[in-house]
Amino acid sequence: MDNTTKRTSDKPVIGITIGDYNGVGPETIIKVLQDKRITNICVPVIYGSGKILTKYKRQLGIENFNYHQFNENSYLNDKKPNVVNCWAEPQEVQPGKVTPEAGQCAFLALQKSTEDLKAKVIDAIVTSPINKANIQSEEFQFPGHTEYYSEAFGDAEKGTLMLLCSDDLRVGVITGHIPLSKVPESITKELIFQKTNVLLNSLKEDFGIQRPRVAILGLNPHAGEEGLLGREELDIIEPAVIEMKKKGNLVFGPYPADGFFGTMMHRKFDGVLAMYHDQGLIPFKTMAFESGVNYTAGLSIVRTSPDHGTAYNIAGKGLADEGSLREAIFQAVDIVKNRQNKVESQIRPNAKQLLSQMKEESKKQQVEREKEEQRLFEKELAEQEERQKRKNDPTQGRERKPRDRRDSRDSRGRGRRSEQQPQVEPKQQGKPSVATEGKEAVEEKEQAQPQPEGSSSAQEPRKPRQGRQRENRPPRKDRAAAQAPEGKNQQEVVEDQPSTQSNDTPTIQENNGGDVSQEGQKEQQPSSQKGGGQRNRGKKRWHKKRKGPNPNASRPQEGNS
């Protein structure tokens, strides 16, 4: 194929292999590429089978995914995903099951993408997960993708490196897919030099970091404890680090792996080199499983992949998270643009910009902490000066405020008064209250409803309440004059009212506020000298001295006697 005749735009062309079609590869591809915004930044080309993608599309119920069939006689469509059919035989899709047919088809997709990479039809390749067991054949005898592409596009002398990336976190492994028992014998100074140089060059060329800082982890627990737990750090790793420093590289270590990630020291470095697979990938996937990307550094082409496997247990159920595959596509686009010196149009900021943003945020946080500490210091200093002033001035703070009798009782042990005050009912619309109706109307209602002896009314007159607050009312003389009708004085009004009580029973008259008027009571009790049936005027009242309002009593309602 001729690359110049097949392309219709200058956007990066990113190839995507389908992987094991019984895993989550086809599902994640459909979920990512159904978003049409992907075609704004690259031209995706899927290596696999259009029939298998259509089956998963119908099974998952995704209607927004459409593709263009691409072959030798057609062109690349930059508006929708392109699909390259790598086999013609129909395949039975069995999500979650391991079949040799799925492994063979995964290899055919790899083989076809490799041909297009060499022909420069595509600029980068993103590989979906494969099963390393069922893909093995006479043509494919590799532990994984990394070793396969290393043989096809790598330099044996310079070597390659499996590098896990997520934003500013990058972790590489010196020994890749080998048994753990062979790790100590595989670690040499030459291997450390080779992997460190690959990482340094990749950070400069692929990530745009001019002066990268690299941390190297130890092999043994606690980095050997000065030889007590192993001598690989003293004999191999530390001498290699010292030699790398002499060449002007910013390489540091060896660090204990547990404390290094536990204290977040990886944030101070642009890359980290672990001694073996699980030492680097366990902390990486713990922190960035859904957004992690596996990048093969040191190749002449760009190859990325999601950091998860086939996930047979959730294949075909619509539960797979496509975030890692999306990040793998974005990472491939970024690296292609970095190699083409087109960093101004990257999807995300490059590593240098991220590092500068982190430094600025750290400075802002430091300034805020200093301001807070200064504020607390000034506050504490002011409190100390206030305490010292009180000590020097004996009269400071000793003045006692007068006791408010409304808040407390006297020393006779009656306790504090209740905070509840008699609630004043709101005025009703169109109906005057007792206060606005006037004293005359209240007196007329009281006089119009006399009670015979021995009978009980619906609501008996209340006894005088202790401490009831008086309402604003006119003086007693004016009040008595207001209660008398025109042409009669106060005494004549009292004589005209019928007497319903015995001569020996004291009369208690309640005004509209509920208080007892002593002068009014005396005027309504004429002396026995004025005629028969009149009570002794000099008889004293039996009420007690008022102490205050009764909080449990309510105000008299309109119309009550």
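This is a predicted model: local features need pLDDT of at least 70, side-chain atom pairs count only at pLDDT 80 or more; totals for chains, interfaces and linings use all residues.
User: Where is confidence lowest, and where is it highest?

Analyst: The mean pLDDT of the protein chain is 77, with 66% of the residues reaching 70 or more. Confidence is lowest in helix α17, residues 518-523, where the mean is 45, and highest in strand β10, residues 271-274, at 96. Residues 424-437 have a pLDDT below 50, and this stretch has 11 contacts in the model beyond near neighbours in sequence. Residues 454-458 are also below 50 in pLDDT, and this stretch has one contact beyond near neighbours in sequence.

User: Switching to α2 and α3, at what angle do they pack?

Analyst: Helix α2 (residues 25-33) packs against helix α3 (residues 50-60) at an angle of about 75°, and their axes are 10 Å apart. That angle makes α2 roughly perpendicular to α3.

User: Which residues make that contact?

Analyst: From α2 the contact involves P26, E27 and I30, while α3 brings L53, Y56, K57 and L60. These residues divide into five nonpolar, no polar and two charged.

User: How many residues of α2 are buried?

Analyst: Nine of the nine residues of α2 are buried, so this helix is largely enclosed by the rest of the structure. They are G25, P26, E27, T28, I29, I30, K31, V32 and L33.

User: What do those buried residues pack against?

Analyst: The buried residues of α2 pack against strands β1 (13-17) and β2 (43-48), and also against helices α3 and α11, the latter covering 323-339.

User: Now I237, is that residue buried or exposed?

Analyst: I237 lies in helix α8, residues 232-246, and counts as buried because its relative accessible area is 0%, where the cut-off for buried is under 20%.

User: Which residues is I237 in contact with, leaving aside neighbours within four places in sequence?

Analyst: With those neighbours set aside, I237 is in contact with I192, I216, L217, G218, L219, E232, P254 and M275. As for K189, which is 48 residues from I237 along the chain, the C-alpha atoms of the two are separated by 6.9 Å.

Key
Residues are numbered from 1 along each chain as its sequence is written. Side-chain values use heavy atoms; hydrogens and water are left out. Axes are lines fitted to C-alpha atoms, for helices over the stretch in contact, and angles run from 0 to 180 degrees between N-to-C directions. Helices (H or I, at least four residues) and strands (E, at least two) are DSSP runs, numbered from the N terminus. Angles under 35 degrees count as roughly parallel, over 145 as roughly antiparallel, 65 to 115 as roughly perpendicular and the rest as oblique. Contact means heavy atoms within 4.5 Å. Ala, Val, Leu, Ile, Met, Phe, Trp, Tyr, Cys and Pro count as nonpolar, Asp, Glu, Lys and Arg as charged, and the others, Gly among them, as polar. Buried means under 20% relative accessible area, exposed over 50%, partly exposed in between (1.4 Å probe, protein chains only). pLDDT is the predictor's confidence in each residue, from 0 to 100.
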